[in-house]
Amino acid sequence: TTAEFDDTAWLSGSVPVGFDRKEPATYSTLVATAIGAAMFDMNASVFMRATFDLVDPTALTALVLRLRYEDGLILHLNGQEVLRRNSSGSFFNSSAQRPRLEGEALSPEIIDLSSSLDHLQSGTNVLAIQGLYRRADDLDFLLWPELEALTVMDHTSVRGYFYPPTP
C-alpha cells in the first residue's frame, strides 16, 4: 500500500477492472482490464494500485472518490486505510460480507475523503485497493475508482460577469 512496494510482476492496465461471465453480460463492455483469468474460481479478492504525483498537497481543499464496485473493498492512501465497504477482513483472499446488486455496483457512490487529505504528500502518492467479491466462483466482478482532488480558489476581490448577460 506504499510507494516502496514492488509491483512490477503485477498485471498492468487501466480502470475499470473486472470480468463478466454471465449471459447476458453486464460489465464486459465497461471493463478496460479483464482479470477473470486470474480471479474467477481462484480468488475472492484482487489487489490494485495507482500512483499519482502532487506538487503541493496542502493546496488541496477536498478529496472525492467516485466509486463503482461489486461486492466490497478496502482502500488505502499512502499506506493508511481510509475506507472499507462490505468487508469482513483485511488479509489475502478476503471476501465481501454480502453480494451487491448490479444496479448498486453500476451507480457511482460519491465518497468525501477530505478527512484523509493529511495522508497526501508531495511527490508520488499511492491509492491501493483490495477489491472483494462474495465468493471465488461468482460470475462477475467490477472495480472502478475515480479519485478527484479539488482546490477552491478565493477570487472574492475579482469582479466577474455572467455570460450571456443577465437582466
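**Figure 1. F5 in the segment before β1.** F5 lies in the segment before β1; helices (H or I, at least four residues) and strands (E, at least two) are DSSP runs, numbered from the N terminus. The model is predicted: local features need pLDDT of at least 70, side-chain atom pairs count only at pLDDT 80 or more, and totals for chains, interfaces and linings use all residues. Residues are numbered from 1 along each chain as its sequence is written, and side-chain values use heavy atoms, with hydrogens and water left out. F5 is partly exposed, with a relative accessible area of 40%; buried means under 20% relative accessible area, exposed over 50%, and partly exposed in between (1.4 Å probe, protein chains only). Together, F5, W10 and F47 make a nonpolar surface patch of about 280 Å². Patches are made of residues with over 30% relative accessible area and no salt bridge, like charges being joined within 9 Å and nonpolar side chains (Val, Leu, Ile, Met, Phe, Trp, Tyr) within 5 Å. A salt bridge is a side-chain nitrogen of Lys or Arg within 4 Å of a carboxyl oxygen of Asp or Glu.

**Figure 2. The protein chain as a whole.** Two helices and nine strands make up the secondary structure of the protein chain, in the sequence pattern β-β-α-β-β-β-β-α-β-β-β. The protein chain has 167 residues, of which 41% count as buried. Its accessible surface is about 9,800 Å², and 54% of this belongs to carbon and sulfur atoms (Shrake-Rupley method with a 1.4 Å probe; for residues, only the protein chains shown count as cover). Among contacts with a separation of 6 or more, 78% are between residues 24 or more positions apart; contact means heavy atoms within 4.5 Å.

**Figure 3. The open sheet of five strands.** The strand order is β2-β1-β9-β4-β7, with mixed pairing. Because β2 (33-34) and β7 (109-112) stand at the edges with a single partner strand each, one side of each has no neighbour in the sheet. Strand β4 (residues 62-70) pairs with β7 in the antiparallel sense over four bridges; two strands pair if DSSP finds at least two bridges between them. R66 stands opposite I110 in β7.

**Figure 4. S116 in a loop.** S116 is placed in the loop between β7 and β8 (123-132). This residue, S116, is buried, with a relative accessible area of 5%. Apart from neighbours within four places in sequence, S116 is in contact with L77 and V82.

**Figure 5. Strand β8 and its partners.** Eight of the 10 residues of β8 are buried, so that the strand is mostly covered. β3 and β8 run antiparallel and are joined by 10 bridges; V46 stands opposite G131 in β8. β5 and β8 also run antiparallel, with six bridges, and L127 in β8 is the bridge partner of L77.

**Figure 6. The largest nonpolar core.** This core has 28 residues, and L67, L73, L75, L83, F141 and L143 touch the most other members. At least two residues each come from β1 (17-20), β3 (45-54), β4, β5 (72-77), β6 (80-85), β8 and β9 (140-150). β4 supplies the largest share, four residues. A nonpolar core is a set of buried Ala, Val, Leu, Ile, Met, Phe, Trp, Tyr and Cys residues joined through side-chain atoms within 4.5 Å. Leaving aside neighbours within four places in sequence, the contacts of L73 include L67, L83, I129, L132 and L143.
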